[in-house]
Amino acid sequence: MGHSPPRLPLCASVSLLGGLTFGYELAVISGALLPLQLDFELSCLEQEFLVGSLLLGALLASLVGGFLIDRCGRKQAILGSNVVLLAGSLSLGLASSLAWLVLGRTAAGFAISLSSMACCIYVSELVGPRQRGVLVSLYEAGITVGILLSYALNYALASAPWGWRHMLGWAAAPALLQSLSLLCLPAGADETAANKDLIPLQGGEATKSGLGKPRYSFLDLFRARDNMRGRTTVGLGLVLFQQLTGQPNVLCYASTIFHSVGFRGGSSAMLASVGLGAVKVAATLTAMGLVDRAGRRALLLAGCALMALSVSGIGLVSFAVPMDSGPSCLAMPNATKLSGLPGDSGLPVGLSPPPLSTTRENQEEPVLSTSKKTKPHPGAGDPTAPSLPALSMASSVPPSAPEHALLHWIALVCMMVFVSAFSFGFGPVTWLVLSEIYPVEIRGRAFAFCNSFNWAANLFISLSFLDLIGTIGLAWTFLLYGLTAVLGLGFIYLFVPETKGQSLAEIDQQFQRRRFTLGFGHRQSTSGVQYSRIKESS
């Protein structure tokens, strides 16, 4: 008997709504923080603690979430995370003190981090090779759509009484819709009861259930058994290069670059957020269309190469036209007078759409105080902090000299290319590859382990940003990120295999048959590996 027609759309909705929830929670604080500061009289430290509490919950989920995903199952982990998110949203929407706000943000951070890992794994296991790339990448598209949606709601509710309660509470809506979609889907592709129903969805390739499944411990991730060490090297390499290319910090200067080419006041911040967000959506949709045609390696190589060129271009322009903004939490009195827009507090200078993926992601683009005189603060490394509303153009870029106008536009183009390159390369593909390369028995723990390094690397890059600028200067910092992207390009070329068009069982066999050696990536091809295809039982 054939499967029900809505099965694939339901998988797509799980991925899209999961990403939308993630993106919304990341970015909504940018519009809610100013009214929160006014209502609760929050100090700078309290604002930073409130913003950073989401990171605390996300880090906790990355440490324990893998065991929950492998022990309880992917579907149950997503449903459980949605329950936690609902509790966190209620705590935020009804909060009467800073403690309740922090508790709600911590719960939300735990929920979106756990859900991001479980969603990618769940969808990758449910669908076949031809749909896997598109549907897992849909999560990254959902993140950016969620960010843009939060900006729209922030703007609409900025002047409403208790508008911040609605901003923070509406995050539960996509999570509830996702839960409804999950109730119509099986628990997992390896469930005996669901196996028969999933065969059509997977193109006739279902895993055999209960036939001597291997057992893995967490320490097996670092052992030669089944080439687990090689898989872990691929996973860690991707998440670390994703962050070490400086993508979160480069976008700190997005608003400054927009301002330098003639967009003044609040419009520069608006374009830096909404404009770049639109570019990210377009690039992610492009990746969705190409990931199962061109392949994972091709997108990673092209994206990393363009990131290296574009961020180096920004660095070279910075030599000729110094760019620096001086936001400070102490500038609160002037923060609301930038443009007179009711939603301006949600789109301050230095705003950049958080990624993760993302998760994800993700996919995380913190916005920092970029004055060289400002010390790093606890919230500075928060990948969930689009910015504090107290940021202002304290020392913004002076009016452009005619001879510098061309260089400013070059910097703007480089910024657009950089955002696009990340959004069709590292952004979606990293998490897709992580959901494919590990055996199903340890996939949750392995994904969470790599995700914890993603958050930690993001924190390290963010906290070291100001010191790095103070030591070698802004231009050399960007050039250093460009060099790191070149190293990442070499890593991808040598080590990352192509997985397009292969079932998860075939990818597992590919890793088991080959030792992890230099040239693993570029020497292998789908046609060069012999597989023993798993037959369907009649």
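**Labels and their cut-offs**

Mentor: Start with Leu-238. Beyond its neighbours within four places in sequence, Leu-238 is in contact (heavy atoms within 4.5 Å) with Leu-300, Phe-426, Thr-430, Val-433, Phe-491, Ile-492 and Val-496. This is a predicted model: local features need pLDDT of at least 70, side-chain atom pairs count only at pLDDT 80 or more, and totals for chains, interfaces and linings use all residues. Residues are numbered from 1 along each chain as its sequence is written, and side-chain values use heavy atoms, with hydrogens and water left out.

Trainee: Which residues touch the most other members of the largest nonpolar core?

Mentor: Leu-238, Val-250, Met-415, Phe-426, Tyr-438 and Ile-492, out of 100 residues. Helix α5 (residues 98–126) gives the most to this core, with 13 residues. A nonpolar core is a set of buried Ala, Val, Leu, Ile, Met, Phe, Trp, Tyr and Cys residues joined through side-chain atoms within 4.5 Å. Helices are DSSP runs of H or I, at least four residues, numbered from the N terminus.

Trainee: Why is the pair of Phe-218 and Phe-449 called edge-to-face?

Mentor: Rings of Phe, Tyr and Trp (its six-membered ring) pair if their centres lie within 6.5 Å; planes under 30 degrees apart count as stacked, over 60 as edge-to-face and the rest as tilted. Here the centres are 5.5 Å apart and the planes at 80 degrees, so the pair is edge-to-face.

Trainee: What makes the pair of Phe-241 and Phe-491 tilted?

Mentor: Its centres are 5.6 Å apart and its planes at 40 degrees, so this pair is tilted. The whole structure has twelve aromatic pairs.

Trainee: Are Phe-218 and Phe-449 buried or partly exposed?

Mentor: Buried means under 20% relative accessible area, exposed over 50%, partly exposed in between (1.4 Å probe, protein chains only). Phe-218 has 28%, so Phe-218 is partly exposed. Phe-449 has 14%, so Phe-449 is buried.

Terms used:
Helices (H or I, at least four residues) and strands (E, at least two) are DSSP runs, numbered from the N terminus.
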